[in-house]
Amino acid sequence: MADQANLSYLVDKYFYASQMPTMWCPGCGNGVVAMSMCRAIERLGLDMDKVIHVAGIGCAAVAHWYTKFTALQTAHGRALPSATGIKLANSELNVVVTMGDGDAAAIGGNHLIHACRRNIDVTAIVYNNFNYGMTGGQVGPTTPLGSFASTAPYGNAERPFDICRLAEAAGATYVARGAVYYVEELISLIERGIRHKGFALIDALTPCVTVFGRRNKLGTPGEMFKAQRRLTVSMKKAKDMSPEELEGKLIRGVLVEKEVPEFTDEYDKIIAQAQGRGE
Amino acid sequence: MSKARITLMKGNEACAEGAIAAGVRFFAGYPITPSNEIATIMAQRLPQVGGKFIQMEDEIGSLGAAIGAALTGVKAMDATSGPGFSLKMENLGLAAMVEVPLVLINVQRVGPSIGMATSPAQGDVMQARYGSHGDYGIIVVSPSSVQEMFDLTIKAVDFSEKYRVPVILLADQVVGHMRERVVVPPYEEIETTYRTEPSVSPEAYLPYRGDERGVSPMAKFGSPYRWYANSSSHGEDSFQATSDYAISEKLIQRLTNKIEKNKKEITEVREEFLDDAEIVIVAYGCTARSARGAVLKAREEGIKAGFFRPIVLWPMPNEEIGQVADTARAIIVPEMNMGQYVHPVREAVSGRAEVFSLPKVGGVAFSSNEILEKIREIVKNG
């Protein structure tokens, strides 16, 4: 594929060299997710002027500092409402949202479940690193039980969210989980999510090596990337595994994909009806 | 030329119609009393004119959605009251920082907290100006009649577009819920304003370089002008500048000064009986109605009373109030709070006249007699 053959072409096309180096720590997985998003957009052949990158706040939500898309940086947790406004006001735009796990599932949790329910054609990528990296590694809604965090010095006593199952229960019509170790799969999952007509959520597992990794003694960046082989399992393999074998593993792949009327299409029907041109 | 329509309307209804007349084509809201009618009417009216309405999951989300819509080039609005207004403060600051034109209606009710949902107050006057963290400029307009709920909504939209700033229409439950005669001009004859769009090439576009007024041209999201609406401290090119103190200083000054330095064009006041006035009532919103009545009654009694109403509350009309203080000996500020706007009035007066606060809380609007009583008291005490 052309996009793989020419990395510098992609970097020039999608990223501002003037804003480099990124603020991400060496070994962080976030750059892989950001590049996967750009590769997905390249494969889809989207007009870059029509891609709107909306972000919350946190280590994930700085990807838009570097990408050459029109972008809106909202407040912490507030990316989805503004993304909803953008898409509803101009449904021709491709709206892609970058959020962290705390951004999406804690402070923005209410917006998340309602975006799922509403089924507006927005693609949300959650950079899930199991903690609040930017603010020093506080415990978050996806921090595993017992893990250490700056605000869980004795270990996390709260059960974590499975963001994908939350999105599914809230009615999301496309839910997928990827991991940066499986980058080719992650690109495909994002590509399929953007192509999906309706709300798409991609939970992208990305290691926080400096804060979460160090505090929990998870080893080098390389070891943390490789650990995703152990911590996750593909949908295909999971089908033949027992619940005991699946215990503690996160399933990768497309978890939900269904066709349901999309919100902006439905609203266009309301306009037609209000203007007396209804069905 | 088509004829103006004369009709009986509720304040909130006039506000919604004013928005349609001003070209607002996006509304996001969340249910709250006493502003509900605005959302109800917008849900009905917007699709009729090809616009979009959405009821969001919460108050924070609805202002967020309006921000997003406004960035695509649409005139957008949100309406709320009381606790909802408090929840808006995060995104209001964001709109000010990112410089998104939009109108936020606040039909004030009694606070603090849940307070009294169906009773009027004017307790959000300071919050409207200073409610979000940090420094920024903002415009707040204050309607006193149903006609003004129509006219000033149009004006609020125009201000927001002209200065690329969120504008608050600070109404109250009295003005929002009462019914009055309204003259509605044919919409096609209403002159409206739309933001300036960039005329340079996309490569040369600097989304945060202010013109001589401090206002930057604004490109639509989805246009070839790719830009970054940035809620962090940013330079003229919109890129992150979170460790550059000089850039941050310049940005905050511009955000504030694009309103404060253009005060002359924004300020609007109503002045009556000021020529020989010794005692002047400064009042706004529903209280201005009772205040004007009190002035008329005082005049009948031979008291040289005057009436001053800031229609635009913020930016503060310091100069105009200062002129009043040059001739009057006493200024009374009746307001439905524990005394808020009286503070900037006192600052504007700067010792040139005595300033009396006349606070009233609890949810009952002023009668003209209550204000008249205060006028008499000042006369009596010499």
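Author: Residues are numbered from 1 along each chain as its sequence is written, while chains are lettered from A and ligands numbered from 1 in the order in which they are written. This is a predicted model, in which local features need pLDDT of at least 70 and side-chain atom pairs count only at pLDDT 80 or more, whereas totals for chains, interfaces and linings use all residues.

Reader: What confidence does the predictor give to chain B, and what scores does the complex receive?
Author: pLDDT is the predictor's confidence in each residue, from 0 to 100, and chain B averages 97, with 100% of the residues scoring at least 70. For the complex, the predictor gives an ipTM of 0.97 and a pTM of 0.97.

Reader: How do you know whether the radius of gyration of chain A agrees or disagrees with that of a compact globule?
Author: The radius is taken over C-alpha atoms, and the globule rule is 2.2 Å times the number of residues to the power 0.38. For 279 residues the rule gives a value near 19 Å, and because chain A has 19 Å, the two agree. The C-alpha atoms of chain A fill a box of roughly 65 × 45 × 35 Å along the principal axes.

Reader: Why is T123(A) called buried?
Author: A residue is buried if 20 or more other C-beta atoms, placed from the backbone, lie within 10 Å of its own, exposed if 12 or fewer do, and partly exposed in between. T123(A) has 26 such neighbours inside 10 Å, and therefore counts as buried; in chain A, 52% of the 279 residues count as buried.

Reader: Where does T123(A) lie, and which residues does T123(A) touch?
Author: T123(A) belongs to strand β4 (residues 122-128) of chain A, a strand being a DSSP run of E with at least two residues, and a helix a run of H or I with at least four, both numbered from the N terminus. Contact requires C-beta atoms, placed from the backbone, within 7 Å; leaving out residues up to four places away in sequence, T123(A) touches V96(A), V97(A), G193(A), I194(A) and A200(A).

Reader: What makes β10(B) a partner of strand β2 of chain A?
Author: Two strands pair if DSSP finds at least two bridges between them, and β2 (residues 70-73) of chain A and β10(B) have two bridges, in the parallel sense.

Reader: How many residues does each chain give to the contact between chains A and B, and what classes are found on the side of chain B?
Author: Chain B gives 37 residues and chain A gives 33, and α3(B) supplies the largest share of the chain B side, nine residues. Ala, Val, Leu, Ile, Met, Phe, Trp, Tyr, Cys and Pro count as nonpolar, Asp, Glu, Lys and Arg as charged, and the others, Gly among them, as polar; by these classes, the chain B side has 19 nonpolar, 13 polar and five charged residues.

Key
Two residues are in contact if their C-beta atoms, placed from the backbone, lie within 7 Å.
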